[in-house]
Amino acid sequence: MIMKPMSNRVCSRCIMDTSVPGIEFDIRGECNYCKLHDRFEERYPLTAEGQKELNQIIRKIKKNGRSRKYDCILGLSGGRDSCYMLSWAVKKGLRPLAVFYDSGWYSNQSKGNIRKITKKLSVDVEIVTCDPEEYKDIQIAFLKGSTNDIDAPDDQAIIAVLLRAAANYNIKYILSGHSFRTEGNTPVTWSYMDGRYVKDVHRRFGRKEMKTYPLLTFRELVYNIVFRRIKYVYPLEYVYYDKLEVSEFLKKEFDWIYSGGHHFDCQYIHLITKILREKFNIDKRKVEYSALIRSGQMNREDAISVIESYPVPESTDEVNYSIERLNISKNELDKIMNLPPKTFLNYRTYFRLINRLGFFIGIACKLRFLPMSFYEKYVKMAKALKS
Ligand SMILES: [Zn+2]
């Protein structure tokens, strides 16, 4: 087992460290991700004021969807956050259509979670798929592309299918189950994705034609947001979200089963985690644990101890499953692991365009047309990458 220690400088408040390119520390040793957390606390306060704002959002969703069968779209993965979001939405009297992008890599357990919760809550589910061989070709292209955004094809597809479902059903709101208090905010240098990026990496390293994969162009994105006025809303940012309490609630109410880790509902995540830790020295638990530390749900010393004592996963059954399923040999995987690491800046993406439009994106976020997290991640926190 390769031991990867915590990198040199660690934030004095959370456990984000210098393994994150561009991390900054203030005079007290606090990092810019802690400051981002504080900005989100101000933006989404757990006060009467915050609740008032949340109630206003709920009223708008209901009013807008009055004459329709559904009033919002909700992306469901079977994981804790999206399942809780669904149960919360139904409890508030919303009428969501759940959309599940089935890349073919989700476990039976997570699909079981989706079945159980939607059945009990009487919520319709729309399942969107992609040709498995074509998707595999895109996944392998990303491994050969040698960037750390190995899961960009899945993340990009989810955004695309949710926007398309909203457009198809003429629904203005997409609910996201993100909570900065438990998930944190992933650095842009650790997880970038957009349609142009997926297209370019696949063009260079893919072998098959892209036919069924849901690729979102900038034009389609802007059209849906500006002209159709489809909005992403993050209701869980306004509510106190305790990870353990929510897990217990879901188990009791829906016989929900925990996958064992954040995003582990998707079986490919096990191989991704291994590559990220061994090749890129990226441990995404630092983002999640840091969020839990800031919101008082985890002790900082415990988090450091977990990260240091359990640094890199061994070749587990799940890792081997992914390797076999992708049909790559041990030799090919070694080659992939030894390729010089690149970043999304080595490929054609919408990143520079997004940054040129940074001022307008900032205004759109202030006016609540776009989520503030978009501006924070892709514009403000990405300042150092622009040049
Ligand atoms: Zn920090």
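Start by selecting Asn 170, which is partly exposed, with a relative accessible area of 37% (buried means under 20%, exposed over 50% and partly exposed in between, with a 1.4 Å probe and protein chains only). The model is predicted, so local features need pLDDT of at least 70 and side-chain atom pairs count only at pLDDT 80 or more, while totals for chains, interfaces and linings use all residues. Residues are numbered from 1 along each chain as its sequence is written, and side-chain values use heavy atoms, without hydrogens and water.

Asn 170 sits in the loop between helix H6 (152–168) and strand E4 (173–175); helices (H or I, at least four residues) and strands (E, at least two) are DSSP runs numbered from the N terminus. Its phi is near 55 degrees, a positive value in a residue other than glycine.

Next, select Asn 327, in the loop between helix H13 (317–326) and helix H14 (330–338). Phi of Asn 327 is near 60 degrees, also positive, and the residue counts as exposed at 62% relative accessibility.

Now show the zinc ion. Cys 11, Cys 14, Cys 31 and Cys 34 coordinate the zinc ion through their SG atoms at 2.3 Å (donors are N, O and S atoms within 2.8 Å of the metal, or 3.2 Å for Na, K and Ca; water is not among the atoms, so sites may look incomplete). The angles between the four donor atoms are 105 to 118 degrees, which makes the arrangement tetrahedral (all angles between 85 and 135 degrees). Cys 11 is buried, with a relative accessible area of 0%, and Cys 14 is buried, at 0%.

Methods: Four donors count as tetrahedral if all angles lie between 85 and 135 degrees; four count as square planar and six as octahedral if opposite donors are over 155 degrees apart and all others between 65 and 115; anything else is irregular.
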